Amino acid sequence: MDNKKFTRHIDLSRVKITDNFWRDKIELVCREVIPYQYLALSDKIEGAEKSYCIENFKKAIAVNKKIKAGQKVEKFPVDKWHYDESNSDINAFHGWVFQDSDVYKWIEAAGFHLTIKYDEKLKAQADEYIELICEAQLENGYLDTLYIINDRDKVFTNLKDYHELYCFGHLAEAGVSFFNATGERKLLDAACRFADLICSTFNEENIHGYPGHEICEMALVKLYDVTGEEKYLKTAEFFINERGKKPYYFDIERNTETDGKEYIYNQAHIEPRKQDEAVGHAVRGVYLYSGMADISKRLKDDELYLACKKIWRNIADKKMYITGGIGSTVHGEAFTYDYDLPNDLAYCETCASIGLIFFAQRMAEIEQKAEYFSVVERALYNTVLSGMAKDGKSFFYVNALEVFPKASKFDERKKHIKPVRQKWFSCACCPPNLARLISSLGSYIYYENDEEIYVNLLISSKVKTDKADVEIQYNSSSGDVKIYVKAKKAFTLKVRNGEHGYTSYYINNEDTINLNIRQKPKLIKCSENVRENMGKVAVMKGNMVYCLEQADNGFDLHRLLISSNPEFEERDDYILANGFREKESEKGLYFEYKVPEYERIKLRFIPYYKWGNRGENEMTVYIRVKNE
């Protein structure tokens, strides 16, 4: 590990995105998604599932006031993952155990937007939420509405299942984002008070526990970066080092003894340093791996970094969908085994691809390999964007690669796959996660160290640094790239060249770099080890995946084939290709095989992220290929 080559992102406030495609997406998030989610968190979206989020903070404030006044506070059971009017008291906590995190992610996204452009109304809305959050916080720093409302005596008694440390992680990230945007410390200080309690509770002398759902690790690192408090970094390392040790803490917590296999779900079956495969709940996994990468970089921990590299190779080479999706089964929302990548059963949670982006960009900070940002690009342009409708008002939780609406309705195995985006979810982790990622996109484009500036993503933009002012103008249609550089001192500019590496340019004055990276549609085949895709291909242009939709190609997409000589014709937002429709052989369910007959047709492919915006219809990414 060469710490002299480590890079860091350039602050979002120094980057201005001028690219039409991404500027529109960022403005959509600011104009539609964030205001929509503000209403959803307060249960003001007609026909949408209830959030209960703000309601819970108001209940927690009432409890906190009673505690301070020395009044008796009622207790309620803490025994479920989800609570509503049908299974709990009207005065108790409602929603999922991690419900607080939704408002924290909303504030984090708001912070990013306030960094890009000040908005008085958005600032006032964020201040309103921050006031509620801080009023709910107990005097000792504890802040989780489930336990504050239902039972203060049960705090930190079920780390495996009930998400206190996960919610803290999102609180900390929100506090950092809002502080960076406004300079105001109120939420950051609340996060630090909770962090101080966590640090004094979990250490060698006290509880040897660790989060059931990871994110606390990388959040503590963010707090360390902002505050310089060493204990935050040490506690993040402590959580990594304790995880998976025997006797298992989750066994101790539950007064049982297991062989640890059930903790694969939590990546707590063996110590992280000994892990070499992505397993368990996919979101939890990539959040853990991101924290591991953070700690390995700051502590220059070669052993931990080696584990990160092994896990990365397992994901990238054996467990990642062509769309950058991860998590191939609804059962446990999890990784399964190598090359198990079913299209019509895929889970590919939006949050999981976002977590994969976090992992990839942290790995790129340690070792500047182009493949890391190639994966960022793959996940970003496909699964992440697919998670949001073009109007910003409905969302996919699951991003399958093949959708047949009838199966989603009548096949229990595919109930999780929705043929249309949903207005909201009671378990609504994905929409605010998506909002915070797109809002912070500017911080992914450029990295730097003392001697170099890296261009990771070719997105038209401007950045001002101590070394230089850089402007990228990228025409995605022609492939023409112009990079204008005005050096303030000599440095090396490194521009990512697809997956192949970074091209270096020594700059000591003003310079213009001209490139052409014209990308053409290609037929992409996956490994023969992926059983579902034998004899099939996908269409890609750069890292953007295309798909077939019933709205353009008619019913029964499974009967379509693409020619091995597709003669692609590119249009503004779709691609035409030579193809075939297999004719019906005979009536009946079974009959003697005959060579199929085909009708020649033109296939119309649209970007994968655009599917599902024209009503309920079939979709597929992979298609059979016919040689000719």
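1. The second largest pocket is lined by 31 residues, and those lying nearest its centre are His9, Phe112, Asn180, Lys222 and Ser443. (On a 1 Å grid over the protein atoms alone, a pocket is an open set of points with protein on both sides within 12 Å along at least five of seven lines, and lining residues have an atom within 4 Å of a point.) By class, this lining has 14 charged, 10 nonpolar and 7 polar residues, where Asp, Glu, Lys and Arg count as charged, Ala, Val, Leu, Ile, Met, Phe, Trp, Tyr, Cys and Pro as nonpolar, and the others, Gly among them, as polar.

2. A word on the source: this is a predicted model, in which local features need pLDDT of at least 70 and side-chain atom pairs count only at pLDDT 80 or more, while totals for chains, interfaces and linings use all residues. Residues are numbered from 1 along each chain as its sequence is written, and side-chain values use heavy atoms, with hydrogens and water left out.

3. The structure holds 31 aromatic pairs, meaning rings of Phe, Tyr and Trp (its six-membered ring) whose centres lie within 6.5 Å, with planes under 30 degrees apart counted as stacked, over 60 as edge-to-face and the rest as tilted. The rings of Tyr142 and Phe156 have centres 5.6 Å apart and planes at 80°, so this pair is edge-to-face. Because Tyr142 lies in the loop between helix 4 (120-136) and helix 5 (145-150), and Phe156 in the loop between helix 5 and helix 6 (164-182), the pair ties together parts that are 14 residues apart in sequence. (Helices are DSSP runs of H or I with at least four residues, strands are runs of E with at least two, and both are numbered from the N terminus.) Both Tyr142 and Phe156 are buried, that is, under 20% relative accessible area with a 1.4 Å probe, protein chains only.

4. With centres 5.1 Å apart and planes at 20°, the rings of Phe396 and Trp611 are a stacked pair. Phe396 lies in the loop between helix 14 (370-386) and strand 5 (402-403) and Trp611 in the loop between strand 20 (598-607) and strand 21 (619-620), so the pair ties together parts that are 215 residues apart in sequence. Phe396 is buried, with a relative accessible area of 2%, and Trp611 is buried with a value of 2%.

5. Helix 11 (residues 282-298) has 17 residues, of which 16 are buried, so this helix is largely enclosed by the rest of the structure. Helix 11 is followed by Lys300, whose phi is positive, near 50°.

Notes
Buried < 20%, exposed > 50% of the residue type's maximum accessible area, 1.4 Å probe, protein only. 1 Å grid on protein atoms, 1.4 Å probe; cavity = no way out; pocket = protein on both sides within 12 Å on 5 of 7 lines; lining within 4 Å. Expected span 1.5 Å × (residues − 1).
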